[in-house]
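Please read them with the model open.

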Amino acid sequence: QVLLVESGGGLVQAGGSLRVSCAASRVVFRVYTMAWFRQAPGKERDFVAAISPSGSNTEYADSVKGRFTISRDNAKNTVYLQMNSLQPEDTAVYYCAADVRPGTLPVEKTLYRYWGQGTQVTVSS
């Protein structure tokens with residue numbers, strides 16, 4: 001059973017930055033596609049970013065392009081999401097997701113089998 005644990009969420013003012021992390025265990029991390037999703041109160045869980053197993057390919061939602069950066073450290077079994085120029089509409093619970101998806105970077109949440117418990121990010125105006 002893959003275990004994903006997010007950390008690094010918190011409260012930040014609009015325009016600020018925050019980095020969230022997701023540590024994976026019980027998994028051969030380097031073969032997994034990793035992704036971040038977010039869910040605001042009363043809304044669906046939406047795709048944010050994904051990264052290939054090697055880290056060479058990434059995919060972003062239009063709403064975060066140019067502001068967020070996904071990266072990974074396979075030696076540490078960890079994926080990161082650096083969030084800059086945060087806005088109140090970025091407020092959500094951020095979830096880490098993982099699956100083995102060779103050659104693809106899925107944006108559909110149904111294509112990821114493994115999920116973390118989420119970390120809250122709140123952006124004040």
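Is Lys 109 buried, partly exposed or exposed? Lys 109 is partly exposed, because its relative accessibility is 31%. The cut-offs, computed with a 1.4 Å probe on protein chains only, are under 20% relative accessible area for buried, over 50% for exposed, and partly exposed in between.

1. Ground rules. This is a predicted model: local features need pLDDT of at least 70, side-chain atom pairs count only at pLDDT 80 or more, and totals for chains, interfaces and linings use all residues. Residues are numbered from 1 along each chain as its sequence is written, and side-chain values use heavy atoms, leaving out hydrogens and water.

2. Salt bridges overall. Side chains of opposite charge can pair when their charged atoms come close. Here a salt bridge means a side-chain nitrogen of Lys or Arg within 4 Å of a carboxyl oxygen of Asp or Glu. The count is six.

3. Lys 109 and Glu 44. These two form a salt bridge, with the closest N and O atoms 3.8 Å apart. The pair links distant parts of the chain, 65 residues apart. Lys 109 sits in the loop between β9 (92–99) and β10 (114–115). Glu 44 sits in the loop between β4 (33–39) and β5 (45–51). Strands are DSSP runs of E, at least two residues, numbered from the N terminus. Glu 44 counts as exposed, because its relative accessibility is 55%.

4. Lys 65 and Asp 62. Their side chains meet in a salt bridge at 3.2 Å, N to O. Lys 65 is partly exposed at 48% relative accessibility. Asp 62 reaches 65% and so counts as exposed.

5. Asp 90 and Arg 67. This salt bridge has its closest N and O atoms 2.8 Å apart. The partners are 23 residues apart and link distant parts of the chain. Asp 90 is in the loop between β8 (78–83) and β9. Arg 67 is in the loop between β6 (58–60) and β7 (68–73). Asp 90 is buried, because its relative accessibility is 0%. Arg 67 is buried too, with a relative accessible area of 17%. Please also check Arg 38: a network of salt bridges links Arg 38, Arg 67 and Asp 90.

6. Ser 21. This residue lies in strand β3 (residues 18–25). Ser 21 has 13% relative accessibility, so it counts as buried. What is Ser 21 in contact with, leaving aside neighbours within four places in sequence? The list is Val 5, Glu 6, Ser 7, Trp 36, Thr 78, Val 79 and Tyr 80. Contact means heavy atoms within 4.5 Å.

Technical notes: Helix = DSSP H or I, 4+ residues; strand = E, 2+ residues; numbered from the N terminus.
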